[in-house]
Amino acid sequence: MLLTRTFSFFFFLVTITLVLITITLASSHAHAHPIAISSRSMADLARFSGAGRGTNITGISDFKRYLWRFGYLNVHNININSTCFSEDFDAIFESALIRYQRKLGLQVTGKLDSITISQMITPRCGVPDNNDHTHTHQMHSVKNFVYFPGKPRWSGPMPTTLTYAFSPEYTIHTLSLRQIRRAFRRAFTRWAKVIPLTFVESDDYVFAEIKIGFYSGDHGDGEPFDGVLGVLAHSFSPEIGRLHLDAAETWAVDFGESWSEVAVDLESVATHEIGHVLGLSHSSVKEAVMYPSLRPREKRSRLHIDDVRGVQSLYGSNPHFISSDLSSLQSDISVNQAPPPPPFPLFIIVFLCAYLWSFFVVSGP
Ligand SMILES: [Zn+2]
Ligand SMILES: [Zn+2]
């Protein structure tokens, strides 16, 4: 009888362990996404580390595709189809890489160094980086913020009010609507404090000026989302007013409650995307809300001086905004907070279940 109980105990333990391993493997596979370099293993990426002009490594084409996707490689210049990049680390790729390193505020090496590769696999906004600096503000010495080509903005006399609404159809259920609304209200308020614009939530999605929704994969605007991490969100320049978030992300409003390693701070992404909706493109200042990338479990939702100067050069200042506040503005960065442990260690639960089950088997009918 003791032998039977011991056997059933271990049988249960082994079965549950196998099930858990399968679930873990399946979920890690779900993290792969079509930005090919992001789905490569670290060991595989190490093959490219330090690669420079003149080298030929199978897989360089994925890095070319990445730079093309985010606005650094003009396919007409290299006269080949975007889906068919060569594996040569050529001069055109080198100059694109240099532009990327300069834009992202990295050390400009012109090589695929480990810091550059690490930046490329960091989750980011899907809006391509606009390298056109001709529209940058000329009055300040610090001019890292960038507009969209043509400097579009919401027209009409200031102050004005814009309405926003959440799609009733394209939403997520991992957060409550109340949590989503609260995160967005805070994000809109950050911008409204510095410019003469007021944002009001509306129930009328069809007529709202800014339409917010969570979408999966290909959702009809030519910019399909890619699953967990990779591209997190994208939005459109004024006065289109569309703000799209990838429904596949583990959106979080409180890292104390969400212990997923791939959790993404909704308020930080919302603040960034509202910047696009208002007319700002990506900034090179790493602490700015308009910097294109955001690591999992990183919070960066407070406006940086660079964000404030950028948006004020489009709309002017909020009369209640005190310019001396600029110096006290600091980014709210808390990188990679370690996820808290699960509420109750899983192995203890499994062990207890196995123990109870062995009783049931032995004493059962
Ligand atoms: Zn962006
Ligand atoms: Zn979209």
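Predicted model: local features only at pLDDT ≥ 70, side-chain atom pairs only at ≥ 80, totals over all residues.

Residues are numbered from 1 along each chain as its sequence is written, with chains lettered from A and ligands numbered from 1 in the order in which they are written.

**Sheet layout**
- Five strands form an open sheet in the order E2-E1-E3-E5-E4, with mixed pairing. Strands (E, at least two residues) and helices (H or I, at least four residues) are DSSP runs, numbered from the N terminus. Two strands pair if DSSP finds at least two bridges between them.
- E2 (197-201) and E4 are the edge strands; each has a single partner strand, so one side of each lacks a neighbour in the sheet.

**Pairings**
- E1 (residues 160-166) and E3 are parallel, over three bridges. Ala-165 has Lys-211 in E3 as its bridge partner.
- E3 (residues 210-215) and E5 run parallel, joined by five bridges. Here Lys-211 stands opposite Arg-242.
- E4 (residues 233-235) and E5 run antiparallel, joined by three bridges. Ser-235 faces Leu-243 across this pair.
- Six residues separate the strands in the E4 and E5 hairpin, where Gly-241 has a positive phi near 70°.

**Burial**
- Four of the five residues of E5 (242-246) are buried, meaning 20 or more other C-beta atoms, placed from the backbone, lie within 10 Å of a residue's own.
- Helix H3 (residues 60-69) has Ile-60, Phe-63, Lys-64 and Trp-68 buried.
- Gly-71 follows H3, with a positive phi near 95°.

Key:
Buried ≥ 20, exposed ≤ 12 C-beta atoms within 10 Å, placed from the backbone.
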